[in-house]
Amino acid sequence: MDTESTHSGYSYHSSRSGRSNRHGDRSRERHKASSKDSIRSERSVVINPPDSPSQESPVHNGEPLPGEPSPGADPGDDPQDDNWGETTTAVTGTSELSISQEEVVGLGKEIQDRTQGFRRYLPLAVGLCVGLLVLATPLVFLLLPVVMWPDRLQACGAACEGLFLSIAFKLLILLVAIWALFLRPGRASLPRVCVYRAFLTTLTLLLTMSYWLFYGVRILDAQDEDYHGIVQFAVSLVDSQLFVHYLAVVLLELRHFQPCYSVCVMRSTDGETRHYNIGQLSIQRAALSILEYYYRDFPIHNPALLSASKHRAAKHLAGLKVYNVDAPGSTAGAQPGNGNQSRSMVTAASKRKDAAHNELYYEEADYERRVRKRRARLVVAVEEAFTHVRRMKKEDERATPSDIMDVREAALAIFPSMARSLQKYLRTTRRQHCHSMESIQKHLAFCLVNNMSPKAFLEAYLAPGPTLQYGPERWMADQWTLVSEASVTSGIKEGTEFLLRCLDFSLAITIKGIPYIRITEEYIDPKSHKFLLLLQSETSV
């Protein structure tokens, strides 16, 4: 068996057949290798299989490694190592400025987390700044004349003082409205800025700057003495801000309430489909609403259920054999036999293909039978455990307070009686990865505290529930990607299609408009419901 060792650009080839011919050159090659190893840097790597007699032992900085033979020793005296592939030694140096691939990935994730946190709280910070500007501007309008030219201001009468009260209540209402609409924590991080929010923020800033410009030119520069007019000017600003907030409520909250489109959502892996009605939304806002519906309505995605069909397809493909009739080794005399054998293989494969539906039928029937069997055992085990709990509860009523078990202890006590049946059922239905032992015990304790029936306990395990029913590690909330040909800030319309891609699957969304429904009225005369019943006085006997 030939082996090859490479170090510092030179190659040495050795074989057992030429061991005796090159035995006299070993000293010369060893001398060359020693001189080259003395000037080799720390970053060189030497890999020497132990069974190569013509190669030297691993050398680092001109000295042999501990446990290795010295350069002067005869390699033929070393015992043969049959596991040389497992005992190969590699020596390498590491620079102080080096960085591993894991550190690079961790640095990228840290930067991404910081960016996501910044994008999450940026709209909240902008809304807070704009809200403070909106609320502080009317108060500044009222305070600046009192501070800058108080002696020249005219006295404020009863009407002016009433405007103070109006401004106070309007600012309080505006503060609550801004808090309720704009200072809410964001539900999601969208790829683009919301057009309506940007429009309303720009409109608010433009309105405030316009009032400031007018106030600076007509009041500050002229030092207007009519304080009543200044108060009315501040009241008009507050009224304008209230109207802008009303516009924000209409655009952000009320516009999409009326359903206009029907959305078809299909999961790519198993074809699970749902239909929803939504209103006038942009593509990114529609994607957010669809994801909220997905976490609520769709059963959790289970890749283990897809492995059966893949295994069946692979098994059928494994039964097919492919022959190369143009191979160089094929002769004219062997071609007829190969042709007959190929035809027989194709015929057998076609027969197996025809019988595939039978195999699928019996496989699904056997799977359903095993599921029903495991389910029956699980139901019986859970009912017996709950019956035992009820019996122990009656005994605890007569026991001393020191002997009463806690709910957590009771759950841990009865869990082993049903654990084996539950584990087998979850393995049969391929949902064992969705439920941990801790979550099952917690759910069992919850059912015992609220005095629930065994059927209520089993409802979470007999059928797959929505995604939000399971732990956050199953949500994949930060792994969604919106794929759309149109701009994500444009509104949805008839025929719009986009894709929500996740790690293991994707959601295909198709938009269709709700048809215009025309309802006509048909009048029914109340007299048309009256009828006359004629009875014959004589009857035949």
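1. Asp366, Arg369 and Arg370 are joined in a network of salt bridges, a salt bridge being a side-chain nitrogen of Lys or Arg within 4 Å of a carboxyl oxygen of Asp or Glu. The model is predicted: local features need pLDDT of at least 70 and side-chain atom pairs count only at pLDDT 80 or more, while totals for chains, interfaces and linings use all residues. Residues are numbered from 1 along each chain as its sequence is written, and side-chain values use heavy atoms, leaving out hydrogens and water.

2. Helices (H or I, at least four residues) and strands (E, at least two) are DSSP runs, numbered from the N terminus. Arg369 is partly exposed at 43% relative accessible area, and Asp366 is partly exposed at 32%. Buried means under 20% relative accessible area, exposed over 50%, and partly exposed in between, with a 1.4 Å probe and protein chains only.

3. The count of salt bridges comes to 9. In one of them, the side chains of Glu292 and Arg187 meet at 2.8 Å, N to O. This pair links distant parts of the chain, 105 residues apart: Glu292 is in helix α6 (residues 283–297) and Arg187 is in the loop between α3 and α4 (195–220). Glu292 is partly exposed at 34%, whereas Arg187 is exposed at 58%.

4. A positive surface patch is formed by Lys373, Arg377, Arg420, Lys424 and Arg427. Helices α9 (356–398) and α10 (407–428) each give two or more residues to the patch, and α10 supplies the largest share, 3 residues. Arg427 lies in α10 and counts as exposed because its relative accessibility is 54%. Patches are made of residues with over 30% relative accessible area and no salt bridge; like charges are joined within 9 Å, and nonpolar side chains (Val, Leu, Ile, Met, Phe, Trp, Tyr) within 5 Å. Lys and Arg count as positive and Asp and Glu as negative, with His and the chain ends not counted; the place of a charge is NZ of Lys, CZ of Arg, CG of Asp or CD of Glu.

5. Leu165, Phe169, Leu172, Leu175, Val176 and Trp179 make a nonpolar surface patch of about 650 Å². Phe169 belongs to helix α3 (residues 158–181). Accessible areas come from the Shrake-Rupley method with a 1.4 Å probe; for residues, only the protein chains shown count as cover.

6. The protein chain has 12 helices and 11 strands. Of its 541 residues, 26% are buried.
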